[in-house]
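Please look over the following protein chain and its fold before reading on. The report below describes its overall build and its aromatic ring pairs.

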Amino acid sequence: MILLRIFKDNRVTGIAALFLLSLGLFMKSFIQLGEVSGERAMPLYNLFFGSVHTVPFLDRFIALILFLILGYMLIRIGVRYVLLDFRSYMPALFFLLFSVALPSTQHVTPAVVGSIFYLLCFSMLFDVHDKRPDTFTIFNAGLLLVLGSMFYLKLIWFLPLIWISLATMRSVTWREILYPVIAYLMLGLFLFTWYWAIMDDAAGFWELVGRNLAFEGSLQSHHYSVYIYYGFFLALVALVSLYMTKRLRVRKTVIKNLYLVLFYMFIAGILFFLFIARFDPSSLVFVALPLSFILSDYFHRKRNHWLHELALWILVGLLVFVQWMV
């Protein structure tokens, strides 16, 4: 049981393995260094990341750092909210395996940058079960999602997910429903004032919003190895879902509610990938974030060690096949 021993325990070997895995995933992109065309995105994204696409090595390097940051955040969330039985690197492992398998995902995109604020938003929402109603926790979480929208405006489509998550964890007041809406109204007012009063270009504001909320993208054809790889991932999720429906009944209410929120995030991420991002590979990150905990919880079972080890080796083997063929 090599992989389970490495990634289930919070040890130095786990850190080294994750780092080597990340380098291995990005190795092909670093070698080929094909230039990536920059996206016309939100002003804050263009300000900080608009020029990195002209330097392919820098683009890949920053993308690698961003994915490692997301993996570290997942590990910390798992520890803080006791989502797993003990400290583990498995959330970061599954996140990287799912979100960075394709070369087209291994560069800086608005979706990847925005996902950091998306994860911060929902990690803050995980605290609401200990907070009194009408505190500013919900407003602060909404502000984080708004800040992420300054990089990736399509995060606004996750606004209903905030309300669903709140209702799952405890009763919600009407003020808490309005807080995220107020945060987005503040964003709209700020952008409109900037374009209208400062730049004297009110039409530019509507063009910016329309361009960044447009349903662009289309299903791209991939090598059959990609479909086998992600098909195996989805088969694992289906198996895990059956397991979780039984296990959640005997878990603490708080943990059960958090996993329900993660499941809703997983469904929302799939819907976002299919209908909002229109099969944009970079948007797979929103599926990978909750999926990492859903799978990690299953692989932390004490039974069927060899079955779990075999499943991990199959994933790694399919990943190598994808990297070789794509």
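What follows goes from the overall fold to the aromatic pairs.

This is a predicted model, in which local features need pLDDT of at least 70 and side-chain atom pairs count only at pLDDT 80 or more, whereas totals for chains, interfaces and linings use all residues. Residues are numbered from 1 along each chain as its sequence is written, and side-chain values use heavy atoms, with hydrogens and water left out.

**Overall build**

The protein contains 14 helices and 0 strands, where helices (H or I, at least four residues) and strands (E, at least two) are DSSP runs numbered from the N terminus. For 326 residues, a compact globule would have a radius of gyration near 20 Å, and the protein agrees with this because its own value is 20 Å; the radius is taken over C-alpha atoms, and the globule rule is 2.2 Å times the number of residues to the power 0.38. Along the principal axes, the C-alpha atoms fill a box of roughly 65 × 50 × 35 Å.

Of the 326 residues, 52% are buried, a term that means under 20% relative accessible area, while exposed means over 50% and partly exposed lies in between (1.4 Å probe, protein chains only). Among contacts (heavy atoms within 4.5 Å) with a separation of 6 or more, 80% come from residues 24 or more positions apart.

**Aromatic pairs**

The structure holds 34 aromatic pairs, counted when rings of Phe, Tyr and Trp (its six-membered ring) have centres within 6.5 Å; planes under 30 degrees apart are stacked, over 60 edge-to-face and the rest tilted. Two of these pairs are set out here.

| Pair | Geometry | Centre to centre | Angle between planes |
|---|---|---|---|
| F67 and F95 | tilted | 6.0 Å | 40 degrees |
| F136 and F139 | edge-to-face | 6.2 Å | 80 degrees |

Because F67 lies in helix α4 (residues 56-80) and F95 in helix α5 (residues 90-99), their pair ties together parts that are 28 residues apart in sequence. F67 counts as buried because its relative accessibility is 2%, and F95 counts as buried because its relative accessibility is 0%. F67 and F95 also belong to a cluster that ring pairs link together with F26, F30, F57 and F61.
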